[in-house]
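Please look over the model, then read the points below.

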Amino acid sequence: MYFAGQSILNYMETTTVFTNDAIVFGLLMLALGFVFYTSSKKEGFWSKFYKVVPALLMCYLIPAILNSLGLIDDNTSQLYFVASRYLLPAALVLMTLSIDLKAIFNLGPKALIMFFAGTLGIVLGGPIAVLIISAISPETVGGVGPDAIWRGLSTIAGSWIGGGANQAAMLEIYEYNPDLYGGMVLVDIVVANLWMAIILMGIGKNDKIDKWLKADNSAIEDLKVKVSDYAKSVTRVPELPDFMIMLALAFGAVGIAHWGADNISEYLLATFDVFNDSKSALSSFSSQFFWMITIATAIGILLSFTKMKKYEGAGASKIGSIFIYILVATIGMKMDLTMIMDNPGLIAIGLVWILIHVIVLITTAKIIKAPFFFLAVGSQANVGGAASAPVVAAAFHPSLATVGVLLAVFGYVVGTYGAILCTILMQIAAGS
């Protein structure tokens with residue numbers, strides 16, 4: 001729920017034009033088709049347009065516009081759930097079929113450094129944002145007891161470092177007023193999605209940004225070339241059996257991932273009390289989504305050591321990319337551009353907060369000469385988590401999706417600890 005009051009949500013549900021997911025999915029696919037058709041034009045207006053606005057951003061932005069106009073609404077749709085729980089793990093399997101693990105490890109430590117720089121930016125950004133906004137509007141960061149704003153901001157810290165499970169843990173630990181929680185979720189969604197839109201725009205100017213950062217992206221380019229060369233060496237015209245086998249591999253793995261995730265989560269919750277304690281830093285590891293993504297990626301990596309790897313030549317990563325673009329469109333549905341100014345004080349805190357995160361990332365990237373790829377994926381592994389980090393990584397090249405997953409795993413590991421530290425600092429900054 002993105003709103004503080006159920007009545008507002010009910011109002012939105014009754015005023016949404018299309019609530020049937022078959023219709024909504026059709027609109028999203030039409031949007032994706034429009035973007036791919038127009039972006040394929042080599043001359044004229046669209047050619048010039050996509051030199052400025054990346055096609056991937058449009059795949060995200062058009063659903064956001066449809067949502068903002070009230071034509072569709074993520075609150076009344078299950079499409080994001082389907083895309084993130086079924087299509088995302090399937091995409092990860094197909095995209096990792098041709099992975100070169102040695103080349104992944106050759107990317108070096110910069111990926112981890114940028115991830116932890118992003119975490120540091122979130123931890124420091126929260127209290128700095130509270131201090132800055134309190135100097136301008138003290139009432140915005142006020143509140144006492146369960147209504148204290150810093151308690152609510154703790155849930156954003158949990159979300160931006162770890163994800164939904166960590167966010168829920170912070171709500172339990174600091175006992176923020178549930179009736180006000182919708183406002184915090186609003187800040188989380190609006191600011192995080194605005195930042196993701198900027199990242200997607202940056203991907204289109206990747207080379208210029210790397211040049212400004214004086215980054216050495218040779219390891220990334222080598223990985224892309226290796227995967228592309230391998231794909232060319234096994235490329236063939238795919239036939240119906242190829243498509244059926246690839247889909248069997250992908251969704252068979254999805255079934256195994258869900259089965260494994262359900263059983264692991266149930267075992268941990270039934271065997272260890274610490275995983276049942278929502279205030280525990282380990283509670284996030286009982287998340288079924290975490291295990292689902294981890295198992296699906298592991299299956300893809302294992303298949304890359306078998307003859308199944310040759311299905312890359314039949315278009316495995318292209319099918320995976322289709323699933324990823326559908327996920328991008330459903331993520332775009334979460335963004336309502338009209339809500340940006342619904343609570344300007346809290347939104348201002350979120351914008352300052354994310355700005356500090358960005359400054360820390362850019363400064364670190366400058367110092368270690370890290371490519372924009374590491375900056376973007378390191379940030380999304382924090383702010384977006386396992387749902388969007390692979391999406392951003394795959395936007396650079398399908399073979400890089402696994403990097404996003406691996407970094408997102410670190411988000412689960414440090415999420416609650418980082419959020420607790422951030423909350424303590426925000427409490428001090430708020431004068432509580």
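Leu-327 lies in helix 16, residues 316–332. Helices here are DSSP runs of H or I with at least four residues, numbered from the N terminus. Leu-327 counts as buried because its relative accessibility is 0%. Buried means under 20% relative accessible area, exposed means over 50%, and partly exposed lies in between (1.4 Å probe, protein chains only). Leu-327 and Leu-79 sit 248 residues apart in sequence, yet their C-alpha atoms are 8.6 Å apart in space.

This is a predicted model, in which local features need pLDDT of at least 70 and side-chain atom pairs count only at pLDDT 80 or more, while totals for chains, interfaces and linings use all residues. Residues are numbered from 1 along each chain as its sequence is written, and side-chain values use heavy atoms, with hydrogens and water left out.

**Salt bridges**

- The structure holds two salt bridges. The term needs a side-chain nitrogen of Lys or Arg within 4 Å of a carboxyl oxygen of Asp or Glu.
- Asp-74 pairs with Lys-334, with the closest N and O atoms 3.4 Å apart. This pair links distant parts of the chain, 260 residues apart. Asp-74 is in the loop between helix 4 (55–68) and helix 5, and Lys-334 is in the loop between helix 16 and helix 17.
- Both Asp-74 and Lys-334 are buried.
- Arg-236 and Asp-242 form a salt bridge at 2.8 Å, N to O. Arg-236 is partly exposed, at 34% relative accessible area. Asp-242 is buried, at 11%.

**Helix packing**

- Helix 7 (residues 110–136) packs against helix 17 (residues 344–368) at an angle of about 145°, with axes 7 Å apart. Axes are lines fitted to C-alpha atoms over the stretch in contact, and angles run from 0 to 180 degrees between N-to-C directions.
- The contact of helix 7 with helix 17 has 18 nonpolar, six polar and one charged residues. Asp, Glu, Lys and Arg count as charged; Ala, Val, Leu, Ile, Met, Phe, Trp, Tyr, Cys and Pro as nonpolar; the others, Gly among them, as polar.

**Nonpolar surface patch**

- Phe-81, Val-82, Tyr-86, Leu-240, Met-244, Leu-247 and Phe-251 make a nonpolar surface patch of about 630 Å². Patch residues have over 30% relative accessible area and no salt bridge, with nonpolar side chains (Val, Leu, Ile, Met, Phe, Trp, Tyr) joined within 5 Å. Accessible areas come from the Shrake-Rupley method with a 1.4 Å probe.
- Helix 5 (79–96) and helix 13 (240–271) each supply at least two patch residues.
- Helix 13 gives the most, with four residues. Met-244 is found in helix 13.

Technical notes
Patches are made of residues with over 30% relative accessible area and no salt bridge: like charges are joined within 9 Å, nonpolar side chains (Val, Leu, Ile, Met, Phe, Trp, Tyr) within 5 Å.
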